[in-house]
Amino acid sequence: MGSAIEKPRIHVIGNGDSNKFFNYKAEYRVACNIPQHGISYNALSIIDVQPVQWMRENNWHPKVPVLCNKRVKEMATKLNREGHWFETYASRHRWNSLHHAVDHHAPMTRSLHIWGADSIWTGDYTSQMDNLVPRKNRPNLNLQWIPNWKTIFETHTGCDFYIHGEGHNDLPWELDNVY
């Protein structure tokens, strides 16, 4: 019998300030929305229509596959956005594109690294994308995002999650598979 295929290490890169610590090359990377960080990536995760509208207004087309929900794919089609748009995610209330990307990729790997997710351990839920797609009103999403993270980590016990950033040791809970 042949040996088991080793699962790849996956990096999901959000738009929080801590993505500046990313320093890996030649591994699978998923970015969120309209990345401003300059890190190369293999796929995009988009769950809101505002980034798609920005793409149309700025004649920007994704050069990598886009993992999205039905609403985003329909908007991309309506606005004639080129590229490969894959309806991968079910719509979930108060889940962001990083939640979806991590939840989707966790079963595919034993080691998932999360960058730019400062909102997990700080009160800062701003995004580097906010200057491109301003949010008119933004509720305190941490109260809803943090429980979603815990659910994701508890669901995927076969995956080790590595959260990168300054202060990431101040997580709101302790789980055996979160570092």
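## A friendly note on the predicted model

1. **Charges to start with.** The protein carries 19 positive and 18 negative charges, and their mean positions lie 9 Å apart. Here Lys and Arg count as positive and Asp and Glu as negative, while His and the chain ends are not counted. Each charge is placed at NZ of Lys, CZ of Arg, CG of Asp or CD of Glu.

2. **What you are looking at.** This is a predicted model, in which local features need pLDDT of at least 70 and side-chain atom pairs count only at pLDDT 80 or more, whereas totals for chains, interfaces and linings use all residues. Residues are numbered from 1 along each chain as its sequence is written, and side-chain values use heavy atoms, with hydrogens and water left out.

3. **The order of the elements.** How many helices and strands are there in the protein? There are four helices and seven strands. Starting at the N terminus, they follow the order β-β-β-α-β-α-β-α-β-α-β. Both kinds of element are DSSP runs numbered from the N terminus: helices are H or I with at least four residues, strands are E with at least two.

4. **Overall size.** The radius of gyration is 16 Å, which agrees with the value near 16 Å for a compact globule of 179 residues. That radius is taken over C-alpha atoms, and the globule rule is 2.2 Å times the number of residues to the power 0.38. The C-alpha trace spans about 45 × 45 × 30 Å along its principal axes.

5. **Surface and burial.** The accessible surface is about 9,700 Å², and carbon and sulfur atoms hold 48% of this surface. Such areas come from the Shrake-Rupley method with a 1.4 Å probe; for residues, only the protein chains shown count as cover. Of the 179 residues, 50% count as buried. Buried means under 20% relative accessible area, exposed means over 50%, and partly exposed is in between (1.4 Å probe, protein chains only).

6. **Contacts along the chain.** Take the contacts with a separation of 6 or more: 51% of them join residues 24 or more positions apart. A contact means heavy atoms within 4.5 Å.

7. **The largest core.** The largest nonpolar core has 29 residues, and those with the most contacts inside it are Val102, Leu112, Ile114, Trp149, Phe153, Phe161 and Trp173. At least two residues of this core come from each of strand S1 (10-13), S2, helix H3 (97-105), strand S6 (111-115), helix H4 (142-155) and strand S7 (160-163). H4 gives the most, with four residues. A nonpolar core is a set of buried Ala, Val, Leu, Ile, Met, Phe, Trp, Tyr and Cys residues joined through side-chain atoms within 4.5 Å.

8. Which residues does Phe153 touch, not counting residues up to four places away in sequence? They are Ile114, Phe161, Ile163, Trp173, Leu175, Asn177 and Val178.

9. **Helix H1.** In H1 (residues 49-57), the residues Val49, Pro51, Val52, Trp54 and Met55 are buried. Their cover includes strand S3 (43-46), helix H2 (70-78) and strand S5 (85-87). An α-helix has 3.6 residues a turn, so residues three or four places apart point the same way. Just after H1, Asn59 takes a positive phi of about 50°.

10. **Two asparagines to compare.** Asn33 sits in the loop between S2 and S3, with a positive phi near 60°. Asn80 sits in the loop between H2 and S5, and its phi, near 55°, is positive as well. Are they buried or exposed? Asn33 is buried at 8% relative accessible area, whereas Asn80 counts as exposed at 60%.

11. Ser45 lies in strand S3 and counts as buried because its relative accessibility is 0%. Leaving aside neighbours within four places in sequence, the contacts of Ser45 include Val30, Cys32, Leu67, Tyr89 and His100. Tyr41, in the loop between strand S2 (28-32) and S3, is partly exposed, with a relative accessible area of 24%. Beyond residues up to four places away in sequence, Tyr41 touches Arg29, Ala31, Pro35, Trp60 and Val64.
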